[in-house]
Structures are given as C-alpha cells and as structure tokens.
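Me: I would like to go through the aromatic contacts of this structure. Please have a look at it with me.

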Amino acid sequence: MRWLTNIRKVLRPEEVIALIFLLPFAGMTVLSGITPQLYHWTTTGYFVPAVMIGIVVWLTQRSGLMVWRVLRDFLPFVFAVWMYESMHDVTAVLHLTDKHAWLIAADEWIFRGVNPVVWMQRWVHPQLTNWMVAAYTTYYFYPPLLTMVLYRRGQTRDFRDVILAIVITFYVGFIGYVAVPAMDPWITMRERFTVDLQASPLAQEALGWYKLSHLRVARDCFPSLHTAVSLVVLAFAWRTWRVFFWVALPCVLLLMVSTVYLRLHYVVDLIAAVPLAIFSVVVASRLNRWWFRDRVPADLA
C-alpha cells in the first residue's frame, strides 16, 4: 500500500485523523447553516501558549523552522478544541432525535430507581457550588500544562503520545455527541429540581456560561469529555510527571463529581468516559510506534 506509506512520510497520525473528520464536520456545518469561528476563549487559551512557545524558540534559536515545528506540534490539539467548541453550534441545530431519556433511564437503572443528579441537590450550598465550579474549570488547564512541560523538557515522544491521545478522545467524543444527542440535566429535568444552585457572582457567571454556551442548547453530554480528557492527562502524568499526577488526582475526582452536582452531565456520561480514555491512551502509544516504525522523525532523532 504505497499510498499509505507516502502519507506516513508526510503527515502525522493526529493530522490524518483531523483531515478524516474535517470533511463530515464541514458537511454538518453547511447543513446546519453554522459558520465556525475562532471566538471561544477555550480555543484561544490553548492557542496562545503554542504561539508563546514558538516565539521563545525563535528568540533563543533564531530558527524559523523551529517556530513552524512548534506550531505544527500543537496545531492538531488546537484544531480539535476548536472543532469541539464548534460542535456545540452544530449539534444544537441538526434536529437529531434527543436521547437524554435513555441517559436518565440508565442512571436510574444503575442506582435502582434513584436519580443521582436530583439526589445531589440535598448537598447544595453556595460555598460548595463555588468549589464545584472551580473544580470544573480546572479541566481547561490540565492538557496545556502537561503538554507544555513535556515539550519544554524535550520529552517529545511522550508529548506526541499525549497530543494524539487527546485528539483521539475529542474526535471519538464528537461521534458520541452525534450518535447520542442529549441536552444537559439542568434542562431536561429542571422540573424535578427544588433547590437552585446558589454561588458567588463570579461562580454564577461562569456557571451560566457553561450552561448556556452563548445562548446555544448543545447536545454534548455523552460521553463526558471533561472526564475523558482529564483521565487521559492523569494517565500520562502518572507515566511522565508523577508529582503533577498526585496534585491533579483529587482535583480531577472533584471535577467528575462537579459535572453531576452542577447538573451538566448524567452519571452514565462519566462511566462512558472511562473506556474512552483507556482506549485513547492505549491506541495513541501503539499507533505512534507503528506509524514511525521504520523511520525516526527529525525532531525525535
């Protein structure tokens, strides 16, 4: 298969995956009448560090080639995040049949008739809500922090594995969003909640942003990518940066609880995220080893 050999010589696996998903994604945006835009702060938050690293490399080595290499290394990650944010727009207007009733039923089957999202309202307290919003927000820092540290240390192989695993997690998550479109519990079960989530003004503003996503109603529950991506980062942190693992572990566990407490996910979304994270970690490492099995890229030599 000469064509596959040629592709492997030119592109990296995360770039090929991005191209595979680009065509159906573009088709969905056309059908939905949405024009994806780079205006989400999460995308910017991941893109800016990549640009900063490129500038630092250029200033220290005066090599335009190195700047391009840095940007290329981080670009698949940034592109996946951009598509993730744009999927909020797409899934909101595709008019697919919502499956949140399935997720509610699954939760209640697991917990023998008790709905865990509704059950957690007994613990609602303004200060606890503040902590839960903070824990939920930490998700945006785990991937860039680990990847930038690995990159700065020169652990390029580990960096490539992390990037590829996160990219795989995002794109498989997109399939889940389309295959099992479901709105958040705070929308689908609002009549069952008797206690409002009270918090500080800053936490309320952040929570409102997470819930409304700029006045869009997204179908982005199954699986929980907050959980899956955080677990991927934890797995690689255990392998490459043990101190970060132990610091992040309680935060990630609290993040997982926060997704249910804040009524943003069903418990079954978290359960589905676990095999997704395991799949991504295992496949990323093996795919990279296979992809580069008969050659060593210049930046790994």
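Me: How many aromatic pairs does the structure hold?
Reply: The predicted model holds 14 aromatic pairs.

Me: Take F21 and Y171. How far apart are the ring centres, and why is the pair called stacked?
Reply: The centres of the F21 and Y171 rings are 4.6 Å apart. Their planes are at 25°, so the pair counts as stacked, the limit for that class being under 30 degrees.

Me: Which helices does that pair tie together?
Reply: F21 belongs to helix 2 (residues 13–32) and Y171 to helix 9 (residues 156–179), so the contact ties together parts that are 150 residues apart in sequence.

Me: Is Y171 buried or exposed?
Reply: Y171 is buried, and its relative accessible area is 1%.

Me: Which residues do ring pairs link into a cluster with F21?
Reply: Ring pairs join F21 with F170, Y171 and F174 in a cluster.

Me: Now to F74 and Y151. What is the geometry there?
Reply: The ring centres of F74 and Y151 lie 5.2 Å apart with the planes at 55°, so this pair is tilted. F74 is in helix 4 (residues 64–93) and Y151 is in helix 8 (residues 142–153), so the pair ties together parts 77 residues apart in sequence.

Me: And are those two buried or exposed?
Reply: Both F74 and Y151 are buried.

Me: Changing topic: which charged residues lie over the face of a Trp?
Reply: K99 lies over the face of W102, at 5.3 Å from the ring centre. R242 lies over the face of W238, at 3.7 Å from the ring centre.

Notes:
Residues are numbered from 1 along each chain as its sequence is written. This is a predicted model: local features need pLDDT of at least 70, side-chain atom pairs count only at pLDDT 80 or more; totals for chains, interfaces and linings use all residues. Side-chain values use heavy atoms; hydrogens and water are left out. Rings of Phe, Tyr and Trp (its six-membered ring) pair if their centres lie within 6.5 Å; planes under 30 degrees apart count as stacked, over 60 as edge-to-face and the rest as tilted. Helices (H or I, at least four residues) and strands (E, at least two) are DSSP runs, numbered from the N terminus. Buried means under 20% relative accessible area, exposed over 50%, partly exposed in between (1.4 Å probe, protein chains only). A charge sits over a ring if NZ of Lys or CZ of Arg is within 6 Å of the ring centre and within 35 degrees of the ring normal.
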